[in-house]
Amino acid sequence: MTRSGKDIVEFTLIYNRVKVKLYNYVLRMINDRMATEDMVQNVFLKFFENMRSIRNKSSFNFWIFKTARNEIYTYYRRKKIHVDQFGVMDSDEVDITDEFDLLIEYEKMELNELILHELDTMAYEQREVFLLKEYAGLSYKEISSVMSIEENLVKSRLFKTRKKLINRLGPKILIENI
Amino acid sequence: MKTEEIIKMIDEYFDGELEKGKEPILFTQLSLNDESREYFKAANKIKSIIGETIEEFPEELEARILYSAASKESRWFNLNFSGNFPALLSYAATVILLIVTFFLYSESINYKNSLEVKIQQVNDKNQMIELLFNCLPQAEVKGSLENPVIIKSKS
């Protein structure tokens with residue numbers, strides 16, 4: 001197999017492993033579907049171009065999410081929008097079969113939107129750590145390298161974010177039996 | 001164990017960072033502590049709701065990315081070789097030089113090996129000659145005076 005052939009195979013493997021995580025992380029960070037798609041495409045193409053220069057194969061994850069984070073910052077700078085004032089999510093279509101399903105689906109959607117709304121109102125740093133953990137599935141160590149912060153700070157931010165979500169939504173999510 | 005410590009363990013558990021050995025301790029503590037149990041339930045619910053909000057990767061985006069990557073790859077080849085004759089020529093010359101270098105290197109290695117064999121053979125022959133010399137019987141040389149020598153005076 002030629003070197004470029006190997007590169008394409010390696011790229012495809014990493015791309016398939018990371019695509020959903022990256023897409024959801026960027027989407028929740030900027031809440032703009034069109035911009036997310038452009039950004040994800042850019043990140044993957046940059047990764048493809050620079051794959052050969054990344055010596056440590058285990059740092060592919062780090063490289064991809066660090067680049068995505070830089071793209072997000074560039075996006076904010078270009079748009080000159082404060083992170084907390086960011087747009088509204090596109091509405092999702094509800095696929096239902098009967099009235100009972102419809103009710104459950106709406107309740108689910110309500111909870112999902114509540115959580116996403118709560119995340120949007122949180123401090124940017126807290127939200128970012130939470131998204132990198134929950135959507136990108138990175139470890140404490142990986143998050144600390146992507147964000148260039150201490151591992152203990154990652155833990156404490158995650159703890160605070162989760163506690164805040166539980167305090168705000170706890171009674172509701174525990175009562176709702178979905 | 002204090003509730004705060006249990007909550008810390010719960011957080012690590014949901015983050016996938018709790019050591020496997022500590023999981024039984026966590027669940028034992030959960031059965032004893034109501035407050036931490038409520039926290040566990042709430043955290044679990046949030047985790048599952050977050051899981052439900054994860055969206056699938058758009059197919060059009062996938063097609064776009066793969067198409068762009070493929071075209072970038074062919075563009076890389078085109079930029080480097082197609083329409084750039086000197087680059088192609090130098091690349092070919094490098095490959096040829098590399099092959100010639102490998103050929104010459106292997107030849108010199110063969111020559112070195114055959115030279116070493118020849119030297120070894122010469123040394124063996126030399127030793128054999130020395131042995132043959134040492135095996136010859138001892139020769140005895142005797143001098144004999146059969147004709148008398150007459151010395152006359154001139155006077």
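Predicted model: local features only at pLDDT ≥ 70, side-chain atom pairs only at ≥ 80, totals over all residues.
1. A word on terms to start with: helices here are DSSP runs of H or I with at least four residues, numbered from the N terminus.

2. Overall make-up of chain A. Chain A holds 7 helices and 0 strands, and its elements read α-α-α-α-α-α-α from the N terminus on. Of its 178 residues, 29% are buried. Looking at contacts between residues at least 6 apart in sequence, 68% join residues at least 24 apart.

3. Overall make-up of chain B. This chain has 5 helices and 0 strands, giving the pattern α-α-α-α-α along the sequence. Buried residues account for 12% of the 155 residues in chain B.

4. Where the chains meet. The contact draws 33 residues from chain A and 25 residues from chain B. On the chain A side, at least two residues each come from helix H1 (3-30), helix H2 (33-50), helix H4 (99-121), helix H5 (124-134) and helix H7 (151-175). Sorted by class, this side of chain A has 20 nonpolar, 6 polar and 7 charged residues.

5. Most residues other than glycine have a negative phi. Asn31(A) has a positive phi of about 55° and is not a glycine.

6. Helix H2 of chain A on its own. The buried residues in H2(A) are Thr36(A), Met39(A), Val40(A), Val43(A), Phe44(A), Phe47(A) and Phe48(A).

7. Packing of H2 against H3 in chain A. Two packed helices are described by the angle between their axes and the distance between the axes. For H2(A) and helix H3 (residues 60-79) of chain A, the angle is about 135° and the axes are 10 Å apart. That angle makes H2(A) oblique to H3(A), and their crossing is right-handed. From H2(A), the contact uses Ala35(A), Met39(A), Asn42(A), Val43(A), Lys46(A) and Phe47(A). From H3(A) come Trp63(A), Ile64(A), Thr67(A), Ala68(A), Glu71(A) and Tyr75(A). The residues of this contact divide into 8 nonpolar, 2 polar and 2 charged. Met39(A), Val43(A) and Phe47(A) of H2(A) take part in the contact, and these three are among the buried residues of that helix.

8. Packing of H3 against H6 in chain A. The axes of H3(A) and H6(A) come within 9 Å and cross at roughly 45°. H3(A) is therefore oblique to H6(A), and it passes H6(A) in a right-handed crossing. On the H3(A) side, Asn61(A), Phe62(A), Phe65(A), Lys66(A) and Arg69(A) take part, meeting Glu142(A), Ser145(A) and Val146(A) in H6(A). By class, the residues of the contact of H3(A) with H6(A) are 3 nonpolar, 2 polar and 3 charged.

9. A closer look at Phe62(A). This residue belongs to helix H3 of chain A. Is Phe62(A) partly exposed or buried? With 17 C-beta neighbours inside 10 Å, Phe62(A) counts as partly exposed, because buried would call for 20 or more. Leaving aside residues up to four places away in sequence, Phe62(A) touches Glu142(A), Ser145(A) and Val146(A). Phe62(A) and Met147(A) are 85 residues apart along the chain, and their C-alpha atoms are separated by 9.9 Å.

Conventions
Residues numbered from 1 in each chain as written. Chains lettered and ligands numbered in written order. Contact = placed C-beta atoms within 7 Å. Nonpolar A, V, L, I, M, F, W, Y, C, P; charged D, E, K, R; others polar. Axes fitted to C-alpha atoms, helices over the stretch in contact; angles between N-to-C directions. Parallel < 35°, antiparallel > 145°, perpendicular 65-115°, else oblique. Left-handed = near helix turned anticlockwise from the far one by under 90°.
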